[in-house]
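Here are a few notes to read alongside the model. Have it open and follow the points in order.

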Amino acid sequence: MWYHKPVIDKELLQSLPNLKIVASSGVGIDHLDLNLLSSCGVKVSNTPFIVSTDTADLGMALMLASSRRLVEGYEMAVSPDTEYFPADWLGAEVSGATLGIVGMGTIGYKVAERAKSFEMKILYHNRNQRKKEEESAVGAVYCKKIDDLLQQSDFVLLAVNLTAQTHKLIGKRELELMKPTATLINISRGLVVDQDALVEALQNKIIKAAALDVTYPEPLPRDHPLLKLKNVIITPHIGSATKKTRRVMMEEMSESIQAGLAGLPIPHEVL
């Protein structure tokens with residue numbers, strides 16, 4: 001499967017009685033009905049670890065681009081109408097700011113490693129607290145309650161898997177807890193955020209800005225209000241989109257398929 005295609009539904013499974021394995025690219029498996037696949041005796045694999053470095057890099061890139069208003073600045077610099085650069089063209093500091101990471105898995109932790117180099121204060125919310133030595137290595141402080149993280153962070157970065165528990169995890173209430181100067185960065189899945197609530201929060205200056213690599217749907221309808229807001233940066237779900245990573249993803253999928261067909265242990269089986 002690439003970009004969630006083909007759609008694995010009951011009709012397709014019935015047409016493929018000899019199917020042994022579905023190899024899905026990327027880490028997310030929210031597009032798969034694991035119970036249905038298991039009931040048909042079909043195994044599932046993904047490529048969870050190879051995507052983490054590039055996705056963490058993109059998370060930092062979105063933070064920097066949003067805080068320093070790079071897209072707006074570029075548009076100003078190349079516009080035929082620009083006669084001078086205004087002296088009050090100001091962005092927000094990243095170095096020394098507070099970053100709140102929601103979801104401290106492999107990707108979230110790699111973001112923390114990068115943020116440490118920017119001397120950021122790092123807070124994180126996760127189902128389980130990391131080991132003390134892992135926290136110390138990046139200077140991260142655990143927030144058992146997500147509300148505490150939202151209230152203190154200058155940047156809130158989402159790096160969770162999409163599950164029933166994280167579906168629209170960030171809604172109207174959560175956005176209103178954030179600082180009016182805060183930026184929301186989403187490198188997880190679009191449905192982790194209530195998009196209507198986000199539009200309202202951005203329009204009414206409840207939060208300052210958003211930087212999104214994911215939305216729902218993808219791409220957004222061309223008349224969607226998020227596409228018209230100056231305080232939003234949207235990229236086309238390119239967290240893992242580098243030549244090397246995409247090649248390794250294909251190699252890992254091939255290895256899983258070969259193992260599945262041979263009846264051997266599958267390297268990245270989703271249980």
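1. Two terms for what follows: buried is under 20% relative accessible area, exposed is over 50%, and partly exposed lies in between (1.4 Å probe, protein chains only). Helices (H or I, at least four residues) and strands (E, at least two) are DSSP runs, numbered from the N terminus.

2. Bear in mind that this is a predicted model: local features need pLDDT of at least 70, side-chain atom pairs count only at pLDDT 80 or more, and totals for chains, interfaces and linings use all residues. Residues are numbered from 1 along each chain as its sequence is written, and side-chain values use heavy atoms, leaving out hydrogens and water.

3. Start with helix H10 (residues 243-262). Its buried residues include Val248, Met249, Met253 and Ala259. Seen down the axis of H10, the buried residues fall within an arc of 160 degrees (taken from the directions from the helix axis to the C-beta atoms), so they line one face of the helix.

4. What do the buried residues of H10 pack against? Strand S1 (21-23), strand S2 (43-45) and H3, where contact means heavy atoms within 4.5 Å. On the other side of H10, Lys243, Lys244, Arg247, Gln258, Leu261 and Ala262 are exposed. Just after H10 comes glycine 263, with a positive phi of about 75 degrees.

5. Now helix H5 (residues 106-117). Ile107, Gly108, Tyr109, Val111, Ala112 and Ala115 are buried there. Their cover includes helix H3 (52-67) and helix H6 (132-138), along with strands S3 (98-102), S4 (121-125) and S6 (155-158). Glutamate 119 follows H5, and its phi is positive, near 55 degrees.
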